[in-house]
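Take a look at the model below. Keep the sequence at hand while reading.

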Amino acid sequence: MIYITDKTAINFRHSNTMHSFLDTNKTDWVEMPCRATSCEIVELDIDGNVSKVISRGYAVCHPTDNFSKESGRKLSLTRAVNGLNRADRKRIWNAYFTR
């Protein structure tokens with residue numbers, strides 16, 4: 001967990017999952033195993049436990065691509081901060097890069 005302030009934090013999770021992709025002929029959807037990264041920007045209670053999820057972002061790696069935790073974190077965080085105001089985005093990215 002990366003702390004933004006004493007009341008907010010960024011939480012990342014990496015997982016193996018099944019995801020639907022178009023086949024090589026681009027005619028049918030097929031289920032394939034892939035790696036995924038999720039990012040949650042959360043509000044913390046007084047004990048440091050998650051009390052509310054402010055925003056979420058996801059990044060899914062195609063099965064033929066090379067999985068990179070860092071790339072997944074950046075993409076999922078980009079998607080999680082989409083829609084937040086500029087000051088919040090700046091504070092979140094500063095916390096991420098100074099972790």
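The paragraphs that follow go from a strand pair to one of its residues, and then to a pair of helices.

This is a predicted model. Start with strand S3, residues 29-44, and strand S4, residues 50-60. The two pair in the antiparallel sense, over nine bridges. Glutamate 40 stands opposite arginine 56 in S4. Five residues lie between the strands of this hairpin. There, glycine 48 takes a positive phi near 90°.

Now turn to isoleucine 41, which lies in strand S3. Its relative accessible area is 3%, so isoleucine 41 counts as buried, the cut-off being under 20%. What does isoleucine 41 touch, leaving aside residues up to four places away in sequence? Its contacts include Lys52, Val53, Ile54 and Ser55. Ile4 and Ala9 are also among them. Threonine 8 is 33 residues from isoleucine 41 along the chain, yet their C-alpha atoms are separated by 7.2 Å.

The helices come next. Helix H1 covers residues 69-81 and helix H2 covers residues 86-97. Their axes come within 11 Å and cross at roughly 165°. That angle makes H1 roughly antiparallel to H2, because angles over 145 degrees count as such. The crossing of H1 with H2 is right-handed.

Which residues meet between H1 and H2? H1 brings Glu70, Arg73, Lys74, Leu77, Thr78 and Val81. H2 brings Arg89, Ile92, Trp93, Tyr96 and Phe97. By class, this contact has six nonpolar, one polar and four charged residues.

Notes
Residues are numbered from 1 along each chain as its sequence is written. This is a predicted model: local features need pLDDT of at least 70, side-chain atom pairs count only at pLDDT 80 or more; totals for chains, interfaces and linings use all residues. Side-chain values use heavy atoms; hydrogens and water are left out. Axes are lines fitted to C-alpha atoms, for helices over the stretch in contact, and angles run from 0 to 180 degrees between N-to-C directions. Helices (H or I, at least four residues) and strands (E, at least two) are DSSP runs, numbered from the N terminus. Angles under 35 degrees count as roughly parallel, over 145 as roughly antiparallel, 65 to 115 as roughly perpendicular and the rest as oblique. A crossing is left-handed if the near helix is turned anticlockwise from the far one by less than a right angle, and right-handed if clockwise. Contact means heavy atoms within 4.5 Å. Ala, Val, Leu, Ile, Met, Phe, Trp, Tyr, Cys and Pro count as nonpolar, Asp, Glu, Lys and Arg as charged, and the others, Gly among them, as polar. Two strands pair if DSSP finds at least two bridges between them. Buried means under 20% relative accessible area, exposed over 50%, partly exposed in between (1.4 Å probe, protein chains only).
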